[in-house]
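The sequence and the coordinates come first.

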Amino acid sequence: MKPLTLQPKIKFKFRLDLSSISILQSMSSNKIKTLTLMYGNKQMRYCDLFKISGTDSSNIIIKSSNEMMDNVGKNFVRGSLTVYGNVGHCCGSEMTGGEVTIYGNALNRVASGISGGLLRINGSCGDYLCGKSNHKNEGINDGLVIIKGNAGDYAIQRMRRGVVIVKGNVGKNSCTEIISGTVIITGNLGKNFANKIKRGTFIITDKKFAKNYTKSNLCEYNFMPFLVKHLNQLSQDKILSFKSFERFCNHKTVDNLSELFVIRQ
Amino acid sequence: MKSKIKIDNTFAEAFNMKASRILVTADNLKWAKHAAISLTGFATSVIACGVEAGIECKLSKKTSPDGRDGYSILLFSMSRSALEKQLETRVGQCILTCPTTAVFSGIEGDDMIPLGKNLRYFGDGHQISKKIGQKRFWRIPVMDGEFLCEESTGRIPAIGGGNIIILAHDRISCLKACETAIESIENQPNVITPFPGGVVRSGSKVGSKYKSLIASTNDEFCPTLRDIVKSKLSKKVGCVMEIVINGLTRDDIEIAMRTAIKAIAKANISAKIDTISAGNYGGKLGQHKFYLKKIIK
């Protein structure tokens, strides 16, 4: 079966809420064509806005997407969604499973309230990456989020668990109030990084942040080679590698249980 | 089969069991082996050991979860609770204590049993939980750094007690035949031979003249008792040994039994092997019957 493919017929002037994509998986291709969504102040059918081909709704592809498309992959539960092009706000928010891959950039609030699945953005994203969703006081609750480019300000707030990887830089006020989880950032860190955190593991390359911590004894950490291999397997890509690392723990001024691995790539 | 070895028209009787697989890794194969041998020690028969365990195969750096050398171990038990208890005790005393090791689940199942779930309390509050993908791992601080273990492992239904009995003219050729058979199935996935070196010389029957014993020597196959009891041995037979095979599925056991029998038939000492038979309890106790003649077809 060929994957269900959506390609815009028109250049969108208004923002488009594509949160209904996650329910396409339980529908036949005929039903999908007649499914309606709001475009501006008009209710339109999917087939009016998109050229639809293929029947395998567990494997959805969106071609030629642009930043007017919001909520792509919102509430995604299973299967895979691949998007070629940029996407708008709230991409992959409140995902609970499945795999969403974006070959482009995303706007704000990527993966807010995510609690499972794999979200991969092969570009950069805006502010509030893995932030709190509207009705929750927690950010990412579980899952794996990979950003190959940079992330904006206020990224990764109130993280509970899961793994977030940012291959580029993160903006100011990132990683605030983290409760637990694993954050990997291989670029530069913005100002006011990791404020008011409780626990969590940070794997970073920027050694400036480590000055607030006490250097841990030199010993072997079985966890690190395992994490690298496991993440590379999960993401089916060589997403993380390092030559050596130093571990820091015990924040000098604030009482928290976080730990820091400064890696050398 | 072209060999002159006689195959008895009988069957091996096997039982439903519960099984689990764990993967033990260490800095090098030497320490992974120490841990694996320690964990699978005193795990030959559920009659008194609680669990039957054995090394399934070696893990290379590519196939192990953390890129280090290791071993895959299978454990079989009659009940979930016994498996759970034995696994926890053995991992706690044999893997946690062994330098440089880490332990992971090697099988997915609908039912999960604790692996490091309770061991984590050894960390006395300093243990760190990590959830990656769908799995949770525990990092327990120990004197050589940290012990990494997965929280739980899968429990699946399995079969234990598949067997072949080798009737030979003398002890040397019987042992050699057993060694050949064990070597032939050494790398077969999903099966273990839980007895020392894979071979049993004290096959048992159910019951005893002594009321307190649930099993006693299999007198039908004891060469020294041939003229005293109703024996299954001919005058030529001077030594009998048994290979017990536990497997995850019926097919796995059948393949292992077939491979073992064929390996014995091809071996140099096949002329000194009289018969290949199998152990059963009349078909009344076990849920699975492996007919030798059907298996070697």
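In this predicted model, N192(A) sits in the loop that joins β13 (182-185) to β14 (201-204) of chain A. The phi angle of N192(A) is near 60 degrees, a positive value in a residue that is not glycine. Most residues other than glycine have a negative phi.

**Positive phi in chain A**

- R109(A), which is not a glycine either, has a positive phi of about 60 degrees.
- The position of R109(A) is the loop between β9 and β10 of chain A.
- Is R109(A) buried or exposed? R109(A) is buried, because 27 other C-beta atoms are found within 10 Å and the cut-off for burial is 20 or more.

**Strand pairing in chain A**

- Strand β8 (residues 80-85) of chain A runs parallel to strand β9 (residues 99-103) of chain A, and the pair is joined by five bridges.
- Within this pairing, Y84(A) has Y103(A) of β9(A) as its bridge partner.
- β9(A) also pairs with strand β10 (residues 115-121) of chain A, again in the parallel sense, over four bridges.
- The residue of β10(A) that stands opposite T101(A) is R120(A).
- In a regular strand the side chains alternate between the two faces of the sheet.

**Domains of chain A**

- The contact between them involves 11 residues of domain 1 of chain A and 16 residues of domain 2 of chain A.
- On the domain 1 side of this contact in chain A, β2 (16-17) and β6 (56-65) each supply at least two residues.
- By class, that side of domain 1 of chain A holds four nonpolar, five polar and two charged residues.

**Domains of chain B**

- Chain B is assigned a domain 1 made of two segments (6-13 + 159-295) and a domain 2 (18-156).
- The C-alpha centres of domain 1 and domain 2 of chain B are separated by 30 Å.
- Domain 1 of chain B brings 11 residues to the contact and domain 2 of chain B brings 12 residues.
- The side of domain 1 of chain B that touches domain 2 of chain B has seven nonpolar and four polar residues, and no charged residues.

**Contact between the chains**

- How many residues does each chain bring to the contact? Chain A contributes 17 residues and chain B contributes 12 residues.
- β7 (128-132) and β9 (145-150) of chain B each supply at least two residues of the chain B side.
- The chain B side that touches chain A divides into four nonpolar, three polar and five charged residues.

**Overall form of chain B**

- Chain B has five helices and 17 strands.
- The radius of gyration of chain B is 21 Å, close to the 19 Å given by the globule rule for 297 residues, so chain B is as compact as a globular protein of that length.
- Along the principal axes, the C-alpha atoms of chain B fill a box of roughly 65 × 45 × 30 Å.
- Of the 297 residues in chain B, 44% are buried.
- Among contacts in chain B with a separation of 6 or more, 74% are between residues 24 or more positions apart.

**Helices of chain B**

- Helix α4 (residues 250-266) of chain B has 17 residues, and at 1.5 Å a residue it should span 24 Å; its end C-alpha atoms are 24 Å apart, so the two values agree.
- Which residues of α4(B) are buried? They are D252(B), I253(B), A256(B), M257(B), A260(B), I261(B), I264(B) and A265(B).
- L39(B) belongs to helix α1 (residues 29-39) of chain B.
- L39(B) is buried, because 27 other C-beta atoms lie within 10 Å.
- Apart from neighbours within four places in sequence, L39(B) is in contact with A53(B), I73(B), R90(B), C94(B) and I95(B).
- L39(B) and V103(B) are 64 residues apart along the chain, and their C-alpha atoms are separated by 12 Å.

Technical notes:
Residues are numbered from 1 along each chain as its sequence is written. Chains are lettered from A and ligands numbered from 1 in the order in which they are written. This is a predicted model: local features need pLDDT of at least 70, side-chain atom pairs count only at pLDDT 80 or more; totals for chains, interfaces and linings use all residues. Two residues are in contact if their C-beta atoms, placed from the backbone, lie within 7 Å. Ala, Val, Leu, Ile, Met, Phe, Trp, Tyr, Cys and Pro count as nonpolar, Asp, Glu, Lys and Arg as charged, and the others, Gly among them, as polar. Two strands pair if DSSP finds at least two bridges between them. Domain bounds come from an automatic or database domain assignment. The expected span of a helix is 1.5 Å times one less than its number of residues. A residue is buried if 20 or more other C-beta atoms lie within 10 Å of its own, exposed if 12 or fewer, and partly exposed in between; C-beta atoms are placed from the backbone. The radius of gyration is taken over C-alpha atoms; the globule rule is 2.2 Å times the number of residues to the power 0.38.
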